[in-house]
Amino acid sequence: MKLHSGLPYWIVKNQLFDYYNPLRKDVSADVVIVGSGITGALAAHELCKAGLDCCVVDKRSIATGSSAASTALLQYEIDLPLHQLADKIGEENAAFAYRSCLESISDLERILKETGVNADFERVPTVFYASDAKGEDIITKEYEMRRRHNLPVDMLSKEDLKRRYGMNTYAGALTNGESAQADAYKAAVGLLEHHLGRGDLRVYTHTEIADIEEGNDGCRLISVDGHTIYCRYVVVATGFEAGRFLPENVMKLTSTYALISHPVDSRLIWPDRALIWETADPYLYMRTSSGNRIIIGGEDENFGNPKRRDRLLRKKVRKLEEKFHSLFPDIPMTAEMAWCGTFSTTDDGLPFIGPWDDGDRVYFDLGYGGNGITFSVIGAQIIRRALTGCPDRNDEIFGFKRLD
Ligand SMILES: Cc1cc2nc3c(=O)[nH]c(=O)nc-3n(C[C@H](O)[C@H](O)[C@H](O)COP(=O)(O)OP(=O)(O)OC[C@H]3O[C@@H](n4cnc5c(N)ncnc54)[C@H](O)[C@@H]3O)c2cc1C
């Protein structure tokens, strides 16, 4: 599947990591991670750190799947507000999932620091605003439930948002300093490069895995070119192309659109460079980037066909511009580059992490949703704990058991 089209900013901003190393013979490892995006890179980091002999396999160049198209807003909020998630999985579990996402942002910050990877990670607040009067009800319920669980949140009135942020909208909720933004492509490449440099990881690129066979003692991965990798465990971190390895479909494909503006006068950009998103579904979201540019995304549609997605790009970019201007009438913003991509959603907005059945040697690490990067951090930790003999409660919330 073509995971993105148009011109993703990160591909232009960063140099491509030219690492060409297709699998040319049969090899073996403790763990094979299929996928070199941010999910695979974080899993590789955790497992290498735990002393396991790992290799990463990707059919493309390193991290050029969805991670290269990601706008990389890092928020502890997931696509489904806490009080709505609570209706689906119970309040305690929902609060636990939110808390895990909150911790994952600090964990990512620590991982980047300890590996010396500069992924333009930057702490910023989040403004979650009501798109309409109905949205104010969502904000109030959300505020109350987050407070009850000691999750960071403050209320912002309509007037606060106008006065402090210059925004034309209804009330909102502020998460101060707990969110962040980054460059997911740089993070994935940096982590893999770090372990390649240390000599504790092998990476095979341009190597497509056609099949995974699981036996009692281990697994065999067979590449499209007919080579085999023998291993004890497999981590499937193939993002939105995981369907071929799953016994059942667990996700819905969604097409999404993003743009980056020409540089804007820094004095006109809203304070604290907060991440901004709204209660409407689909939601509009935005962040800033280096060079005083504004990144805007949204206009999601529930289909996965890449051709249909690409045909809509220009129209969607116009829509994103119009929505931005009605929210921020005083910021003269025009798009410089735009792109579209595909991502997946699940019914409860949570990822699928773990084996399909207890005892399986194939672990899925599928950080679905519009805030998938926090799930990639959580997934890497869950899998490291499982493969080193310390399963935990996350299993029940993020695993396949919840489908039963
Ligand atoms: C436009 C857009 C904006 C987004 N914005 C945000 C955001 O603001 N915040 C956020 O947290 N998330 C966001 N997301 C989601 C986020 O980008 C994803 O959750 C994340 O990038 C997924 O990473 P991944 O490593 O799982 O997948 P990918 O980056 O797609 O990596 C999977 C890799 O697996 C490889 N692969 C697949 N099949 C095979 C096979 N059979 N054999 C070998 N290799 C294979 C692919 O080539 C690919 O490189 C956004 C997504 C898009 C598209």
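In the predicted model, the axes of helix 2 (residues 38-49) and helix 4 (residues 91-115) come within 12 Å of each other and cross at roughly 65°, and the crossing of helix 2 past helix 4 is left-handed. On the side of helix 2, the residues in contact are Leu42, His45, Glu46 and Lys49, which meet Leu108, Arg110, Ile111, Glu114 and Thr115 of helix 4. Sorted by class, this contact comprises three nonpolar, two polar and four charged residues.

Aromatic pairs in the structure number 14. One of them joins Tyr76 and Tyr98 in an edge-to-face arrangement, with 5.9 Å from centre to centre and 85° between the planes. This pair links distant parts of the chain, since Tyr76 belongs to the loop between strand 4 (73-74) and helix 3 (82-89) whereas Tyr98 belongs to helix 4, 22 residues apart. Tyr76 has a relative accessible area of 0% and is therefore buried, and Tyr98, at 1% relative accessibility, likewise counts as buried.

Phe128 lies in strand 5 (residues 122-129) and Trp277 in strand 13 (residues 275-278), so that the pair links parts of the chain 149 residues apart. Phe128 is buried, at 1% relative accessible area, and Trp277 is buried at 3%. Together with Tyr283 and Tyr285, Phe128 and Trp277 form one aromatic cluster.

Charged side chains also lie over aromatic rings: the charged end of Lys158 sits over the ring of Tyr170, 5.1 Å from its centre, and Arg361 lies over the face of Tyr233, at 5.1 Å from the ring centre.

Notes:
Residues numbered from 1 in each chain as written. Predicted model: local features only at pLDDT ≥ 70, side-chain atom pairs only at ≥ 80, totals over all residues. Heavy atoms only, no water. Axes fitted to C-alpha atoms, helices over the stretch in contact; angles between N-to-C directions. Helix = DSSP H or I, 4+ residues; strand = E, 2+ residues; numbered from the N terminus. Left-handed = near helix turned anticlockwise from the far one by under 90°. Contact = heavy atoms within 4.5 Å. Nonpolar A, V, L, I, M, F, W, Y, C, P; charged D, E, K, R; others polar. Phe/Tyr/Trp six-rings, centres within 6.5 Å; stacked < 30°, edge-to-face > 60°. Buried < 20%, exposed > 50% of the residue type's maximum accessible area, 1.4 Å probe, protein only. Lys NZ or Arg CZ within 6 Å of the ring centre and 35° of its normal.
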